[in-house]
Amino acid sequence: MADYDYDVLIIGSGPGGYVAAIRAAQLGLKTACVESRETLGGTCLNVGCIPSKAMLHASELYEEAAGGALAKLGVKIDKMSLDLDTMHAQRKDAVKGLTGGIEYLFKKNKVDWLKGRAAFVDKDTVDVAGKSYRAKNIVVATGSSVTPLPGVEVDNAKGVVVDSTGALELPKVPGHLVVVGGGVIGLELGSVWRRLGAKVTVVEFLDQILPGMDGDVRKEANKIFKKQGFEFKLSTKVSKVDVKGKKALLTVEPAAGGDAETIEADCVLIAIGRRPNTEGLALDKAGLAVNARGQIEIDHDFQTAVPGIWAIGDVVPGPMLAHKAEDEGIAVAENIAGEVGIVNHDVIPSVVYTWPEIAGVGLTEEAAKAKLAETGGAIKVGKFPMLGNSRAKTNHEPDGFVKVIADAATDRVLGVWCIASVAGTMIAEAALAMEFGATSEDIAYTCHAHPTHSEAIKEAAMAVRGKPIHV
Ligand code: FAD
Ligand code: NAI
């Protein structure tokens, strides 16, 4: 240790980096975390998961009141209005509280926060704000940033063409918001502004929204969002965005080629994906390179090609999700400490926090079918509509379903997908069941509390063998 400043130095304090730092310190390792932002917590706490959920929650309550859903329950509000400044203030408050919480946890666990941008000097040394630090282990957890749309300039301060960070902070509700990209960010932030009164058009290059999700789920979600007032232009690409004062003029055309049309917007949200952050890190000085997608390749233990350098989170291959980064943060610290840190990448749940929520874990029906077909196997699928679930019905939440996909031969659950008001909470049960190698029968014969939305998971599991009760 004498030669080293730290046992572990982590670059980036997002959910991957800060969790790795705390775990490493808990394991008795002398730990530092480098972060160039003014606050800890990375994308997730500062401009991602947390502020978006603050706006989603508040806008959902607003729509329930403004749209008459509360009145139908006998909750009459005679005079109501939108106070967007207060809505933004509670978002900022949530961010401040949680990012401050990480700073407190760093102090509590004796993690040093090195403020500034880190760049490699060599394989065990990094430079931060003009000072060199030598560490026995270095973890790259630098996360990701917005993928730019070629030829289109984002200017969050101006507020006409924005990325997700700008879309969280719009000072007024746009008349017409055009979202480029029908993925998670487009639908979540599109929902926020639609609920607050904007007309929202989503331009998606592919023939369906939410790529990577189960086919049935994508179709059903599209139907539900259309019913809510979203307009979708699928199989469409944006070829140009001209900004004229406070308006934008988009030129769009069929993805396969054809006649172009123009759309006028008060705001354009570019949400076409995110790319790993490696610029300025001087990876070459450490002997590291990135793959064709700009990611740092790692092995099963999160080690890069250079011994002593590890990488986790959005900067490595896999889904760009906070909980995946967090679990990798714990595992990498445990591996560095000589313990066995493992993440089961086959069981990473994903949730879209719209209304209703959309959640899945494991394989889609399409992927499961293809995977089992390789060995001559087959799948069984059980589906249960939320309309048949007493709690959803009582709460006036008829949309959605649960789908359980199992191996036809072994009955082992391969994937679970839900569209339901609380799908994000429901999916935890499915993840736990899959982690324990459950069969659909195991879920079907597990007693679920009544009346809960989760009973729909039990009934979908029963449907795998063709025997649900309430349909
Ligand atoms: P990040 O959180 O990106 O953190 C990396 C940190 O490293 C950053 O703070 C950056 O400043 C710092 N950094 C980078 N380079 C350097 C350097 N050279 N020196 C010093 N510091 C550096 N995921 C979910 O699971 N659930 C959600 O609800 C969700 N909502 C999202 C909403 C939005 C709008 C966005 C944009 C993302 C959302 N995500 C969500 C994704 C989630 O934010 C990321 O998957 C997660 O933050 C990745 O964690 P990370 O630790 O890998 O990196
Ligand atoms: P995404 O990958 O979810 O969706 C991007 C969409 O844009 C895709 O449907 C893609 O086909 C489309 N697209 C790409 N190029 C296009 C073009 N030129 N024109 C039109 N459409 C185009 O990416 P998104 O929504 O930007 O989110 C980035 C990441 O952030 C996601 O991978 C997700 O993991 C994470 N995230 C997670 C959340 C959650 O867990 N609830 C919430 C928000 C973000």
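Select α1 (15-26), β2 (31-35), α2 (42-47), α3 (49-66) and α9 (322-336): each of these supplies at least two residues of the shell around ligand 1. Helices here are DSSP runs of H or I with at least four residues, strands are runs of E with at least two, and both are numbered from the N terminus. The model is predicted, so local features need pLDDT of at least 70 and side-chain atom pairs count only at pLDDT 80 or more, while totals for chains, interfaces and linings use all residues. Residues are numbered from 1 along each chain as its sequence is written, chains are lettered from A and ligands numbered from 1 in the order in which they are written, and side-chain values use heavy atoms, with hydrogens and water left out.

**Stop 1: ligand 1**

Stay on ligand 1. The largest share of its shell, four residues, comes from α2. In total, 38 residues are around ligand 1. A residue counts as near if one of its heavy atoms lies within 4 Å. Show G16, E35, T43, K53 and A322, which come nearest.

Now colour the shell by class. It has 15 nonpolar, 17 polar and six charged residues. Ala, Val, Leu, Ile, Met, Phe, Trp, Tyr, Cys and Pro count as nonpolar, Asp, Glu, Lys and Arg as charged, and the others, Gly among them, as polar.

Next, look for polar contacts (pairs of N or O atoms within 3.5 Å; within protein, one must be able to donate a hydrogen and the other to accept it, and residues adjacent in sequence count only if both atoms are side-chain atoms). Start with K53: a polar side-chain atom lies 2.6 Å from an oxygen atom of ligand 1. R37 also places a polar side-chain atom 2.9 Å from an oxygen atom of the ligand. At S36, a polar backbone atom is 3.5 Å from a nitrogen atom of ligand 1. Accessible areas come from the Shrake-Rupley method with a 1.4 Å probe; for residues, only the protein chains shown count as cover.

**Stop 2: ligand 2**

Move to ligand 2. It is surrounded by 21 residues, the closest being E188, E204, G273, M320 and V351. Select helix α7 (residues 184-195), which gives the largest share of this shell, three residues. By class, the shell has 14 nonpolar, four polar and three charged residues.

Which backbone atom is 2.7 Å from a nitrogen atom of ligand 2? It is a polar backbone atom of V351. At F205, a backbone N or O atom lies 3.2 Å from a nitrogen atom of ligand 2. A polar backbone atom of V184 is 3.3 Å from an oxygen atom of the ligand. Taken alone, ligand 2 exposes 840 Å², and the protein buries 78% of that.

**Stop 3: the five-stranded parallel sheet**

Switch to cartoon view. Five strands form an open sheet in the order β8-β15-β9-β10-β11, with parallel pairing. Two strands pair if DSSP finds at least two bridges between them. β8 (161-162) and β11 stand at the edges with a single partner strand each, so one side of each has no neighbour in the sheet.

Zoom in on strand β9 (residues 176-180), which pairs with β10 in the parallel sense over five bridges. H176 stands opposite K199 in β10.

K199 lies in strand β10 (residues 199-203) and E231 in strand β11 (residues 231-233), so the pair ties together parts 32 residues apart in sequence. The count comes to 20 salt bridges (a side-chain nitrogen of Lys or Arg within 4 Å of a carboxyl oxygen of Asp or Glu).

**Stop 4: around β6**

Select strand β6 (residues 131-140). It pairs in the parallel sense with strand β1 (residues 6-11) over five bridges. V8 has N137 as its bridge partner in β6. Strand β5 (residues 125-128) runs antiparallel to β6, joined by four bridges. There, V126 is partnered by Y133. β5 and β6 form a hairpin with two residues between them, and A129 in the turn has a positive phi of about 50°.

**Stop 5: the three-stranded sheet**

Finish at the open sheet of three strands, β12-β13-β14, where pairing is antiparallel. β12 (236-244) and β14 (261-265) stand at the edges, each with a single partner strand, so one side of each is left without a neighbour in the sheet. Strand β13 (residues 247-254) is joined to β14 by five bridges. Click A248: its bridge partner in β14 is A265.
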